[in-house]
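Have the viewer open as you read.

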Amino acid sequence: LVNGRIEEIEEIFIAMWHKNIYNVYVIFEDADEIPLITFLPFGNASRCGDTSAQTVTRYRNGKFNNQSQLLSHKLKNLNQCPIRLATYLDPGCFMTRTLKNGTVELYGYRYEFMKAIADSLNYTNEIKIVKGILPWGVITVVNDSVNATGVFHELYDNNSDIAFSEYYLKA
């Protein structure tokens, strides 16, 4: 609940966006109504990352004027916004091959799974392939100083939004 200044509301949305929190709603009393405001960071492909305040619905005379919009479906359709994904090459799971025309093609069940999720949520994969001896990476903390390598480094330095791999357990 805020005092209703759009600038303050948008500051809240910017802070939430930077913390990867997208499902945020703000309300305030405005004369005889209460607007329900959110931001739509995946509103459409030309405005990916938009943190401007958007009124979803208003509460007037004891009810919301558009009940169907009360809880938006903003995370079910990301409108082809790019999601930065870090992964690594792994035989059988995620591989590349060069076609006769020189195009590099990604394939493997991890790649197909990443594509299926992107298709389901309607976003575009921006895939970064991390290389090295330990591509998944290691995180170390010494005297409150964090050091990350591999895929972990991509996440920690905010170069990627999602890390994608398998984790194997042996009995």
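A residue is called exposed when its relative accessible area is over 50%, and buried when that value is under 20%. Keep in mind that this is a predicted model.

With those cut-offs, Val141 counts as exposed because its relative accessible area is 54%. Val141 sits in strand β9, which covers residues 139-142.

Ser160 is another story: its relative accessibility is 4%, so Ser160 is buried. You'll find Ser160 in the loop between α3 (150-156) and β11 (162-163). Leaving aside residues up to four places away in sequence, Ser160 touches Arg84, Leu85, Ala86, Glu154 and Leu155.

Here are the two residues side by side:

| Residue | Relative accessibility | Class |
|---|---|---|
| Val141 | 54% | exposed |
| Ser160 | 4% | buried |

Now for the sheet. What is the strand order in the open sheet of 3 strands? The order runs β8-β5-β11, and the pairing is parallel. β8 (124-130) and β11 are the edge strands with a single partner each, so one side of each has no neighbour in the sheet. Strand β5 (residues 82-88) is joined to β11 by 2 bridges, and Ala86 has Ala163 of β11 as its bridge partner.

Last stop, helix α1: residues 6-18 make up its 13 residues, and the helix reaches 18 Å from first C-alpha to last, close to the 18 Å expected at 1.5 Å a residue. After α1 comes Asn20, with a positive phi near 60 degrees.

Note on methods
Residues are numbered from 1 along each chain as its sequence is written. This is a predicted model: local features need pLDDT of at least 70, side-chain atom pairs count only at pLDDT 80 or more; totals for chains, interfaces and linings use all residues. Side-chain values use heavy atoms; hydrogens and water are left out. Helices (H or I, at least four residues) and strands (E, at least two) are DSSP runs, numbered from the N terminus. The expected span of a helix is 1.5 Å times one less than its number of residues. Buried means under 20% relative accessible area, exposed over 50%, partly exposed in between (1.4 Å probe, protein chains only). Contact means heavy atoms within 4.5 Å. Two strands pair if DSSP finds at least two bridges between them.
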